[in-house]
Each structure stands twice: as structure tokens, then as C-alpha cells.
Amino acid sequence: MSAAREEILARIRAAAGPAAAPAEVDAAYAALPRPYRRAHHDPSATDVVALFAERAADYRAVVQRVTEGELPAAVAAAVAPLASVLIPDGLPEEWLAKLPPGADLVRDEPPLSATGLDQISGVVTGCAVAIAETGTIILDHGPAQGRRALTLVPDFHLVVVRAGQVAADIADALARLDPARPHTLISGPSATSDIELIRVEGVHGPRNLHILIASLSQ
Amino acid sequence: MPTYLGMPAFPQAAKKAVADSQLRRNLTHATTAIRTKRAKAVGELDDWEQLRQTAKAIKDHTLANLGTYLPRLEENVTKAGGRVHWARDAAEANAIVTDLVRQAGADKVVKVKSMATQETGLNEALAAAGIAAIETDLAELIVQLGHDRPSHILVPAIHRNRAEIGELFRRTMDDAPAGLTDDPPRLTAAARQHLRSEFLAATVGISGANFAIAGTGSLVVVESEGNGRMCLTLPDTLISVVGIEKVLPSWRDLEVFLALLPRSSTAERMNPYTTIWSGVTPGDGPQDFHLVLLDNGRTDTLADATGRQALRCIRCSACLNVCPVYERTGGHAYGSPYPGPIGAILSPQLRGVGSAIDASLPFASSLCGACYEVCPVAINIPEVLVEQRARSVADGQKHYSERIVFGASGYVLRSPRRLAAAQRVASFGRHLAGRSGRIRRLPPPLSAWTDTRDAPAPPPESFRAWWARTRGTGQ
């Protein structure tokens, strides 16, 4: 127990009154009114996958809708210009089935250094969840996504989103995640508005974000 | 929080800033653009007001129960493999961070833009200890390269236009590409190249956080450029300095705050990148994580029944972008890392009103209320300003003469005869105005009025006198 900790907590008691019992605090929290809408789109009336595609494209990500059957060819076409492609653990092998035999595929085994990652042209991953309302992809860095640095240092990120992974809104997307894991929310390629508040795409994160949305049928 | 050395009171600083026409053009250009975009982004959500009221209620509940939520946050961060430190003030926070950087054996750190470390003056403290702090946010980099001060919460270099930034990069960046123009994409690419090797070699990263989730021990950093991800992911050691008011009870609260913050701040449905982490994840990101919880005047603010609402602030900067005073004076006149309307109520509360600038900040507003209207956590800034003004007047020193002026106005306005006489006298006041047609300074005690205002010269004839003479015939 540091002296600073005790003093800050004492100042809080002096300012806001003594701390209530945790159960009481939790009950007061649970009783807070939440009059907002947890869903802004009615899934029976809205094509959430189409909405996601439209909103992600608004950020100038390259967005392409394909069927599961077309996916391997679409992956191969997307990474064709890249000299080397990073493949995280757990990426479904069938996604790579149409890559040319000579393609330079790099695995993170043993783990690559930051400078090592900087030598690689691009990375292919899946994702955990996507949000239609905001055009956002969420990685939880589990299987097929790799540790955080893999989707950060290479300049090209191809991400495959399966239609079933698209949540309509922020609330239902967050509810699908495990808070104990690290998460990266990605809405378009890196950008800045720091010069005259004009948006410029492409700063430190991948300057190219390519999204393939795979559905069972078109 | 640093009170910038030799900072004059707001009216003097503002007078100088308002005379800078380049600054005013830069600010008007930038704030006008963002105001329109924000209105559109907010208009898309028809339950904006409900989201706003919920955010207010969550923050008020959390602030009232900080004694429960902070230990809970500490417990969960510790469980997840992080270490939690408590800092009573800026000096203590800086000492903790300096020690941690030394323990990591580093003489250089990369930083994500952080208001908390602006507030504590961390970069200066690290420099004094022989540690170089590299700001990696584009606008912070512009400020750092120019030995300048931040003037906006979100875009600290908003007072610089592309031509000024181009000139700065060509002059100060030793690796600036040959033939670098003022084109924003080219300038951005130059910054990317300049910082790349720093990111790849960094061993210690320093950040703040937008939110800290007590129930899960998660920290959240909202950003755009990817410099945040670089600093939060690549170094071995990560130190996050976070104000105690940033805590939220649970994971679920992010559904409210992630809807409000990007739309209020950059006018986007969602910002490009948000990083969320809990403690240490084996094999992914920094393996040594420290959270420094910062008081630095926040508990004093919490003790103030009216002023404590300023602690709800999520640093979106929407209030700066709509403020007519900010648009004309810029951020530097506020003499604080927190400029604009929120700064006018936050800085004096966090620092106390010991300096001329802090004593004058509650008066740095026209009370038009636009700031309250756009605030995503419904901070009633005019209410706090009026309260602080009332206290300042009750303290009785600075604005004593204004009381005499208002007393005299009441006496004059109660009688038509006295008003007519006063207006005739006032017309002679024209001769006090200079060539600008404005009265800059009246003799005491009336100087109390003109010290904080430029008054237009009175017309040669009052409307009442004109009407009495012509009966509206226009002759």
C-alpha cells in the first residue's frame, strides 16, 4: 500500500463521501437508465453485410464481396502484387489454395523482430467481429489473426470477413468479445487530420486495407 | 500542470492572438470545416441525446464511486499482469515514469499523444533526467519540432497551416525528402518515414488512455494514425499515465463512449484505430506494463459540487471547435494544455486560481452556450463559468470596479431623463477612440471595464436623440 494510494483514496472520501459497499455500487450501476438504442438497424429490414461493405468503403478501404467458393481466387488476386505475404497461425489453408506455387509466404515462427516485419510486403488475416454501423473490423488476435504487430508493421493488410461475423451495431459487436484478450478496432487505413483538419489516408499503420467479405452466396 | 512561464492573463494574451490575422485565418478555416462534419456525423444517430444523457449518468455514477472503482481497476490490471502506481501530483507521476524508464535501461521513449503527460510536463522532466521523449502524433511532432506549444486538444498544431508546416519540416527534419512540398499527403509521408526507425527500435512506450475499464482491467486508446498502435505494441515496456477520472465501470460502457467520442471529435463514425488491452498478453505486445493513476488536482475538483462535472470530459474537443472566443484567440491564449471552453473551467480547478491566467479564465467566454450544446457528456460549461465568476466577484478584488459600473448603469437606466443625459455624455466618448474606432482603455475606475473588453466608439447621436429630432422621417 503506497502512501500516495492511501492519500488519494482519502481525498476521494473527503470529496465524495465514504465508499459504499461494492454490492450497493453495482446495484446503483445496474439501475442506471440506458434510454439509447443498442441497435440502430433492424436486422430483418437491413442487409447488415451490405451496410458494412458500404461503410467500410467510405473510409477508402478496398472492399470486395465474394462467395466462399470465390474466396481463394480473390485472395490470390489481392496479394498478387506483393513480394512477400505474412501468414498468421490458424489461417485456413483453403484461403491460400489459389496462390501461385512460387509465392513467398512467411510464417511468424520463430517470432519476427519489428525490423523483420518491416521487410514483409503484406499480411492476410481473418477477424473476430465486424460492425456494420461504423464499417469497423475488430481483431482479437486469436487464430488466423496473429499477434498485434503482424497487422501493424507491413504496409498492406488483407482481411477476410465472413458474413456471419458482421454485427449490426457497436453494442452487439462488443458483446461477442472476450475483454481479457487484446483488441484492435480498425476502421479504414491509417489516417490523420492533423494538417488543417483535412483527412489524409496512410500514416503509420498499413496504408492499404483490403477487405474481402465472404458470403455463402452472392 | 504547467502554467506556462510568464503567461499573461487571458485578455492580454487574447489581444495579441486576435491581432494575428494568419492565426485567425488558420483557425476559422479548420474549425468551420470540422463543425459542419461533426453536425452531419451526430445527425446520423437519432438517439444522440439519449447516448449523451447515458454517458453523463455513467460518468457521474463513476465519479461518485471512485473509491470503489479505482481499487477495482487496480485489482484487475494487477491480475492481468500489469503494475499499478499512484501519483498525487505531476511531480510524483514524472518521478515514477522516470524511474521506470531508467529501470528499463532506456534513454529514449516513444510517446502517443497524451493530455495527462502534457499536463504533468513529463517530456521536460524526462529531458532533465537525460531521457529523450519522441512525440509520434503528427500534430504533436509539428509542435515538438517547432519548439511550440499545443493549441488544441485533438489537433495541437491547428494554429499552423500547410505552408508553415512544410517550411518547418524542410528546416528541422534532417531526413526530409528532397523537394518536399506543402501538400498534406507529402508532409504526412515525410513524418511516416521520419518516425519509422524510431518505432522499430523503441524499447519503452508512453501513453495515456481514453478509458480504463474497472471491471476488466482494460485500457482503451483511441487514435487515427497508427502511431498509437506502434507505441502500444512494439516496445518491451509500456507506461500509461491516466487521470483517475478516466475509469469506467464495465466493458459494456464502451458501446456508449465509442459511439460518442469519434463523432464528437473527428466527426467520423469510428476513428481508424482503437487499441484495447488488459495487462500483459504473453507473446503479444509489451511484456512489462505499468499504469500510473494520476490525481493532480482531480480530487480537489471532485470536492466542488458544481465544478466536478468537468471531470466527465472525454477530451473530444467539440467545445473548442464551436467556441466563438476560441476561434478568434486560438488555444495559446488560455495558457494551459487544456484550451477552449473546457480548459477555461478545468485549468483553474486543477491548478487553483493562484496565477493571473487562471484567475482570468472564467471570464474568457461570452457564455453563448454552444459548448454545452455539443458536449457529448453534457458538461454545463456556462454554469461552471458563472459559478467561478460569482466566486471571483465574491472574493472582491479583481472585478470590484465592474460592480461600480453595473451599479451606476442600474441608476441611469431606471430614469429616461438620466439615460438621455448619459447618452449625450457618451457621445463625447467618441473622442476617446483611436483611429481604429475602438476604445481600448478608459481611465480608472472605468478601466476595469476596458481591461477585459474593447468597446466600439459610441455613435455621434443616440437613437433616442435621433428619434426626438426627426420623428423617424429620416431627415
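1. Two residues are taken to be in contact if their C-beta atoms, placed from the backbone, lie within 7 Å. The coordinates are a predicted model, in which local features need pLDDT of at least 70 and side-chain atom pairs count only at pLDDT 80 or more, while totals for chains, interfaces and linings use all residues. Residues are numbered from 1 along each chain as its sequence is written, and chains are lettered from A and ligands numbered from 1 in the order in which they are written.

2. Helix α8 of chain B, residues 138–145, is mostly covered, with seven of its eight residues buried; a residue counts as buried if 20 or more other C-beta atoms lie within 10 Å of its own, as exposed if 12 or fewer do, and as partly exposed in between, the C-beta atoms being placed from the backbone. Helices (H or I, at least four residues) and strands (E, at least two) are DSSP runs, numbered from the N terminus. The buried residues of α8(B) are Leu138(B), Ala139(B), Glu140(B), Leu141(B), Ile142(B), Val143(B) and Gln144(B). They pack against β10 (191–192) of chain A and, within chain B, against β3 (132–135), α9 (162–172) and α10 (184–201). After α8(B) comes His147(B), which has a positive phi near 45 degrees.

3. The contact between the chains draws 65 residues from chain A and 74 residues from chain B. On the side of chain B that touches chain A, 38 residues are nonpolar, 25 polar and 11 charged, where Ala, Val, Leu, Ile, Met, Phe, Trp, Tyr, Cys and Pro count as nonpolar, Asp, Glu, Lys and Arg as charged, and the others, Gly among them, as polar.

4. An open sheet of eight strands with mixed pairing has the order β8(A)-β5(A)-β6(A)-β9(A)-β9(B)-β6(B)-β5(B)-β8(B); two strands pair if DSSP finds at least two bridges between them. At its edges stand β8 (166–167) of chain A and β8 (247–248) of chain B, each with a single partner strand, so one side of each is left without a neighbour in the sheet.

5. Where the sheet passes from one chain to the other, strand β9 of chain A (residues 183–186) runs antiparallel to strand β9 of chain B (residues 273–278), the two being joined by four bridges. Within this pairing His183(A) has Ile276(B) as its bridge partner, and Ile186(A) has Tyr273(B). All six residues of β9(B) are buried: Tyr273(B), Thr275(B) and Trp277(B) point one way, and Thr274(B), Ile276(B) and Ser278(B) the other way.

6. Further along in chain B, strand β6 (residues 218–223) pairs with β9(B) in the antiparallel sense over six bridges, and Val222(B) stands opposite Thr274(B). Strand β5 (residues 211–213) of chain B, by contrast, runs parallel to β8(B) and is joined to it by two bridges, with Leu248(B) as the bridge partner of Ile213(B).

7. Chain A contains six helices and 12 strands. Its radius of gyration is 22 Å, well over the 17 Å that the globule rule gives for 218 residues, so chain A is more spread out than a compact globule; the radius is taken over C-alpha atoms, and the rule is 2.2 Å times the number of residues to the power 0.38. Along the principal axes, the C-alpha atoms of chain A fill a box of roughly 70 × 45 × 40 Å.

8. Chain A is divided into domain 1 (1–32) and domain 2 (40–215), with bounds that come from an automatic or database domain assignment, and the C-alpha centres of these two domains lie 41 Å apart.
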